[in-house]
Amino acid sequence: MKNLVILGGGYGGVNIVLGLIDQNLPEDVRITVIDRNPYHSVKTEFYTIAAGTSADKDVRIEFPDHEKVDYVYAEVSQIDSENQQILFENRSEPVSYDYLVIGLGCEDNYHGIEGASEFTESIQTIGHARHAGMSIGNLKAYGKATIVGAGLSGIEAAAEIRESRPDLNIRLLDRGATVLKAFDTKIQNYVEDWFLKNDVEVVHGANVEYVEKDGVCNNGVCFVNDVTIWTAGVRPNYLVRELPFEKDDQEKIIVNDFYQVPKQPNTYVVGDCAASEHSPSAQLARQQGEQIVEILMDVFHGNEPKKPKELKLKGTLGSLGSSEGFGEMMSKSVTGYLPRVAKSGILWLNKRH
């Protein structure tokens with residue numbers, strides 16, 4: 001019996017499981033999914049947990065139940081690529097694999113800034129988002145919250161906290177000259193205006209020097225605040241960074257056209273851990289997962305895999321609270337109610353799937 005281990009039950013990993021169980025899997029292949037949590041969590045909505053606008057159960061989806069799929073819920077301590085096994089922190093028995101899919105996602109990149117990892121909240125995991133939500137929810141009236149980073153995650157977190165807690169003083173530290181540098185001017189201006197109208201202070205040209213328990217020091221000025229949320233960049237999971245595989249300048253594993261590690265072709269990488277010309281996103285991980293399913297089915301049946309087609313992403317959507325949003329739809333920049341409704345619809349469809 002050959003064991004396919006899928007390491008991580010995120011967007012890419014779940015899509016691979018769903019795709020494979022819909023196919024005619026060979027009798028000698030079993031699937032083992034390894035994740036720290038006994039459910040798939042909708043990472044794109046973690047900011048709502050931090051803001052307190054969604055219940056924990058709203059961002060959880062049960063893993064698919066199938067006779068050929070086993071689950072191990074544990075904290076991984078090492079990917080032993082030499083002996084082809086996964087080791088755990090509190091589980092003595094390792095899990096061996098014949099094929100491995102690495103989909104462990106990313107974690108915060110603190111860029112070596114003193115105090116950042118110790119004194120800031122994170123929304124990179126559901127556990128961290130829960131902790132951030134407790135910190136924000138427990139603030140007294142007129143408390144101060146600072147979000148570091150004005151990319152998509154920072155924008156959505158700041159807007160959602162404003163909607164959840166209109167009494168708070170909210171500051172957004174943006175390293176650039178404008179928020180959302182990956183988007184066009186129309187969207188940037190719309191988001192800037194939204195923050196102005198909703199009394200969210202945006203500080204451009206930010207350069208965080210260090211973080212303390214009660215404040216953030218930026219360009220020689222220390223802002224006193226009660227809660228600091230870090231959304232200023234990500235990097236692949238530390239277990240991936242430790243692997244002896246070639247990586248790009250963002251510490252992602254370099255893969256071939258079939259998502260395989262060149263020096264170990266029975267190892268596949270999906271999502272935030274794989275080097276790609278595209279920015280990390282749930283959409284990217286899902287599409288990569290779909291292509292890996294086709295590749296694995298060819299491999300399982302002894303056929304030469306077909307080179308996957310070029311990925312075509314459908315744009316990005318973001319929210320500003322519950323009634324406004326922004327994004328790119330059909331190669332056009334859109335703002336207002338429509339992109340917010342579209343994002344909610346996509347989330348609903350994903351949960352149904």
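The second largest pocket has a volume of about 360 Å³, where a pocket is, on a 1 Å grid over the protein atoms alone, an open set of points where a 1.4 Å probe fits, with protein on both sides within 12 Å along at least five of seven lines, and the volume is the space filled by probe spheres set on the points. Its lining, counted as residues with an atom within 4 Å of a point, comprises 17 residues, of which Asn256, Asp257, Tyr259, Glu277 and Leu311 are the closest to the centre. By class, the lining divides into seven nonpolar, five polar and five charged residues, with Asp, Glu, Lys and Arg counted as charged.

This is a predicted model, in which local features need pLDDT of at least 70 and side-chain atom pairs count only at pLDDT 80 or more, while totals for chains, interfaces and linings use all residues. Residues are numbered from 1 along each chain as its sequence is written, and side-chain values use heavy atoms, with hydrogens and water left out.

Turning to the strands (DSSP runs of E, at least two residues; helices are runs of H or I, at least four), an open sheet of three has the order β6-β7-β8 with antiparallel pairing, pairing being defined by at least two DSSP bridges between two strands. Its edge strands, β6 (76-80) and β8 (95-96), each pair on one side only. Four bridges join β6 to β7 (residues 85-88), and Ile79 has Ile86 as its bridge partner in β7.

Elsewhere, β12 (residues 169-173) and β13 (residues 200-203) run parallel and are joined by four bridges, with Val203 in β13 as the bridge partner of Leu173.
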